[in-house]
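Here are some friendly notes to read with the structure open beside you. Take the points one at a time, and find each residue as you go.

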Amino acid sequence: MIYDSLDVSYGNMWGSQQGMTHPDPMSRAVAARRHAAGMDYAVLLSARGRPLALVEYWPRRMWRVYLFDDRSWRMQMIDLKPHSTGMLLAHRNTRWQFSTEQDHSSWKWDAQETTTVSADGQVEVRSEFAGPRGASTEPLHARTSDSSSVPVRRFPASVESFLCPVPEFGDWQVFVPFLAQQGHEPATTVVLSDVSVDEGAGPLRATGIEQLFSPGACDTPDGPAVIEPVDAGLLRITSGQLAVSDPGWVGETPRTVAVPPGEFPVTLSLLRTARGADVAAARVTFLDLPPREWEMVLRPDEDLGLLGEGQFYGVGVDTGTAAFMDATRTVSEDQLDEDLFIPLDSHFTVDLPGTEPEPNLIAFRAGRGDGAYPVWIGRTDDGQVGCVVVDFQLHSAEGGRVRSRSRAPTNWCRAYGAWPSIPSDAICCTPRTTRADRRSRCATWRQARRDRREPARLSASADRPDRRALHPAPGRAESGQGEPHQVDAAVRRDGSAPRAVTSRQWPVD
């Protein structure tokens, strides 16, 4: 079929999503700002409602192109990186063959052919074939560790035939010739039409935060509920910096706010329903004055202009627990189980004291599980910090309507941008974090820290294939190493596809 026009739309990376369009769309304006900032995003080239090519932009000016066949199956993946000529080198081209739609959806290929090209034109073609029971689910580097069992062809070629221009933002004509590799025939002139979503209302806004701490009855989809504020103790600040963090990662991933030294009350908002009680929000109050305005707690490298509609930058939680503390406070790993996580199985909050006059730490359950949650500063009329609130998004108090939240965005559950096929912070139906969960995760962290490396975050979803192992990042050797560090995420309040990245440490080639 000859295509003389293509629709262009933008979104976050698809990850393991199998579909016809973006699982998390974004406006062209947001994608352009992300491109200028060197942040990742995806471009979909489609025709007649069918995807033809998914182009992903990666940090360090690398690109990845997924090509779809006539069945709208992803059948090919091309990785491009900068070349010394100033162009892009298609240094890795992977094709797959699948017998059935079920095999494709579970990524059980019959054959995989990977062509790699060096900067001087040395070509290697490696072919793999699945056994009679289908392709292994082991990581690619594990399956190919025995090179003698994999057919390999090597030969020199002209590197010019593997080069293409570096596109400016919006110059997606560069990738149109790639469509022919899956049998799609572009016309001599192809018109690109922007069909991306509108920018919308922008990032999440703080509305009804004060009502989260107003006691009384309310209605939720789970039935009648009661909001009950409870005292969690006094927080001692000595350095003038409040930190909000997962206590399992104290000192590594906090969000900080400049506040006066002193002792300040911490209040929890409990949401009691027929199914039990959960911590809906936590607040530390610095001034007994009503906030005039709310602002999101940001790090210096975070830009609200890079977020889509309803998204936010949030503090990451991997232990089902969050905490307020002084920024100088440290926690011994030996304390985590006995002094903090185990007591939280029977209490909503734990005060972990420090040696006088050292600051203490007040930890509390994080809603209904792991996730990324917004942190808000309530400022008074003269701009001072009146309070800091963590909203665990169990309900919304907008307009007096309270909404229970049954799905929590998981912080690293799918690290957006960490690997090409992983949706950022994919929505997972996350159960309440148990004592066994916390103890298991602590053991993982201790071992990882002994090894002096950052552990892979634990996913709360096991029902989707994890393709970090199957699809290494563009420009990386297929070694399964060099995994970047993702600790927080921008997520949507309504639970719909939270996928914007915040912080990342990319390995050096």
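1. Ser72 counts as buried, because its relative accessibility is 12% and the cut-off for buried is under 20%. Please keep in mind throughout that this is a predicted model. Ser72 sits in the loop between β5 and β6. Its phi is near 65°, a positive value in a residue that is not glycine.

2. Now compare another loop residue. Is Arg61 buried or exposed? Arg61 counts as exposed, because its relative accessibility is 53% and exposed means over 50%. You will find Arg61 in the loop between β4 and β5. Arg61 also has a positive phi without being glycine, with a value near 60°.

3. Next, look inside. In soluble globular proteins, nonpolar side chains tend to be buried together. Here the largest nonpolar core holds 31 residues, and Tyr41, Leu80 and Trp172 are those with the most contacts inside it. Among the elements that give two or more residues to this core are β1 (2-11), α1 (28-36) and β3 (41-47). Also on that list are β4 (50-58), β5 (62-68), β6 (74-82) and β7 (88-97). Apart from this core lies another one, of 30 residues, including Leu268, Ala282, Tyr373 and Val375.

4. Which residues does Trp172 contact, leaving aside its neighbours within four places in sequence? They are Val8, Tyr10, Tyr41, Val43, Leu45, Trp63 and Leu192.

5. What about the cysteines? A disulfide is a covalent bond between the sulfur atoms of two cysteines. A search of the whole structure finds 0 disulfides. Cys218 counts as buried because its relative accessible area is 11%, and Cys387 is buried too, at 5%.

6. On to the charged side chains. Those of opposite charge can pair when their charged atoms come close. How many salt bridges are there? The count comes to 15. One of them joins Glu199 and Arg33, with the closest N and O atoms 2.4 Å apart. This pair links distant parts of the chain, 166 residues apart: Arg33 is in helix α1, while Glu199 is in the loop between β12 (185-194) and β13 (216-220). Glu199 counts as partly exposed at 36% relative accessibility, and Arg33 is partly exposed with a relative accessible area of 32%.

7. Arg50 and Asp70 meet through their side chains, 3.6 Å from N to O. Arg50 is in strand β4 and Asp70 in that loop, so the pair ties together parts 20 residues apart in sequence. Arg50 counts as partly exposed, at 23% relative accessibility, whereas Asp70 is exposed, with a relative accessible area of 53%.

8. Finally, find a salt bridge between two strands. The side chains of Arg154 and Glu124 meet at 3.0 Å, N to O. Because Arg154 lies in strand β10 (residues 152-156) and Glu124 in strand β9 (residues 122-129), the pair ties together parts that are 30 residues apart in sequence. Arg154 is exposed, with a relative accessible area of 60%. Elsewhere, salt bridges that share partners join Arg64, Asp79 and Arg92 into one network.

Definitions and conventions
Residues numbered from 1 in each chain as written. Predicted model: local features only at pLDDT ≥ 70, side-chain atom pairs only at ≥ 80, totals over all residues. Heavy atoms only, no water. Core = buried A, V, L, I, M, F, W, Y, C linked by side-chain atoms within 4.5 Å. Buried < 20%, exposed > 50% of the residue type's maximum accessible area, 1.4 Å probe, protein only. Helix = DSSP H or I, 4+ residues; strand = E, 2+ residues; numbered from the N terminus. Contact = heavy atoms within 4.5 Å. Disulfide = S-S within 2.5 Å. Salt bridge = Lys/Arg side-chain N within 4 Å of Asp/Glu carboxyl O.
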